[in-house]
Amino acid sequence: MSEYPVSLNLTEKRIVIVGGGRIALRKLKGLLGCGAILTVVSPEINEEIKNLVDFDTITFVEREVRGSDLQDAFLIIVATNSFEVNEFVINQVGDHQLVNASHQANRGNVSLPATLKRGRLIISVFTGGASPLLARKIRDDLSSKYDESYSKRLEYLYEKRLAIKSENISESEKKKVLEKVMNHALTEPLEID
């Protein structure tokens, strides 16, 4: 599969996760807070997913998946340990839908990267399905370099960028000022409220 990285705004988009085990849990955790309408379809779910369903805005459909469960989904995540169920889901997906097939990456049309979020900073690592473990290791290695301070640093840079962009100076001068502000934000401790 030839891939092109992209970031999606999932606000109010319907996402269906088929499966209730550890892979479904990992995918579900990655989607929390993105504003999507999340549904988990599975005859059983593990305790951690149950806790998320009980305390979040996640719908749980306790049964085997049906084609009708998938019809209006923007993104479908196939995360069961049943080859037959996974193939059933993939065969139900329409051309207009995105599908992540965790059992066999080349059967889907979307890869979900290992992702590190620090406020507006999002770092995603793809391995094209070759080694999700390596993608997670690289993400974890980057997490120490890009610590929680980057959330504040990026907010600071965002505010400064908006102010500088509105100034009546040349584009080349704006670029110089933006570079100076960025270097300051990356090298100095920021006192941001």
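**Entry 1**

For Val18, I found that the partner in S2 is Val41. S1 and S2 run parallel and are joined by five bridges. I took strands and helices as DSSP runs numbered from the N terminus, a strand (E) having at least two residues and a helix (H or I) at least four. I counted two strands as paired if DSSP finds at least two bridges between them. I noted the general rule that strands of a sheet pair through backbone hydrogen bonds, either parallel or antiparallel.

On S2 and S3, I recorded four bridges and a parallel course. Leu38 stands opposite Ile58 of S3.

**Entry 1. Basis of the model**

I noted that the model is predicted, that local features need pLDDT of at least 70 and side-chain atom pairs pLDDT 80 or more, and that totals for chains, interfaces and linings use all residues. Residues are numbered from 1 along each chain as its sequence is written, and side-chain values use heavy atoms, with hydrogens and water left out.

**Entry 2. The whole chain**

I counted seven helices and seven strands in the chain. From the N terminus on, I read the order of elements as β-α-β-α-β-α-β-α-β-β-β-α-α-α. The C-alpha atoms fill a box of roughly 60 × 35 × 30 Å along the principal axes. Of the 193 residues, 33% count as buried; buried means under 20% relative accessible area, exposed over 50%, and partly exposed in between, with a 1.4 Å probe and protein chains only. I also looked up contacts, defined as heavy atoms within 4.5 Å. Among contacts between residues at least 6 apart in sequence, 47% join residues at least 24 apart.

**Entry 3. The sheet**

In which order do the strands of the open sheet of five stand? I found S3-S2-S1-S4-S5, with parallel pairing. Strand S3 (58-61) and strand S5 (98-101) are at the edges with a single partner strand each, so one side of each has no neighbour in the sheet. The twist from one strand to the next averages 15°.

I then checked how far two of the strands are covered. Four of the five residues of S1 are buried, so S1 is largely enclosed by the rest of the structure. S2 is mostly covered, with four of its five residues buried.

**Entry 4. The nonpolar cores**

I looked for nonpolar cores, that is, sets of buried Ala, Val, Leu, Ile, Met, Phe, Trp, Tyr and Cys residues joined through side-chain atoms within 4.5 Å. The largest has 17 residues, and those with the most contacts inside it are Ile15, Ile17, Leu28, Leu31, Leu38, Ile58 and Ile77. Two or more residues each come from strand S1 (14-18), helix H1 (22-31), strand S2 (37-41), helix H2 (47-55) and strand S4 (75-78). H1 gives the largest share, four residues. A second, separate core has 15 residues, among them Val41, Val61, Val65 and Leu70.

Leaving out residues up to four places away in sequence, Ile77 touches Ile15, Val16, Ile17, Val18, Lys27, Leu31, Asn100 and Leu112.

**Entry 5. Helix packing**

I noted that two packed helices are described by the angle between their axes and the distance between the axes. The axes of H1 and H2 come within 9 Å and cross at roughly 35°. Axes here are lines fitted to C-alpha atoms, for helices over the stretch in contact, and angles run from 0 to 180 degrees between N-to-C directions. I recorded the crossing of H1 and H2 as left-handed, meaning that the near helix is turned anticlockwise from the far one by less than a right angle; clockwise would be right-handed.

Which residues make the contact? From H1 I listed Ala24, Leu25, Leu28 and Lys29, and from H2 Glu48, Ile49 and Leu52. By class, I found five nonpolar, no polar and two charged residues. Ala, Val, Leu, Ile, Met, Phe, Trp, Tyr, Cys and Pro count as nonpolar, Asp, Glu, Lys and Arg as charged, and the others, Gly among them, as polar.

Helix H4 (residues 83-92) lies across S1, S4 and S5 and runs at about 165° to S4.

Apart from neighbours within four places in sequence, Glu87 is in contact with His103, Gln104 and Arg107.

I placed Glu12 in the segment before S1. Glu12 counts as exposed because its relative accessibility is 59%. Its phi is near 65°, a positive value in a residue other than glycine.
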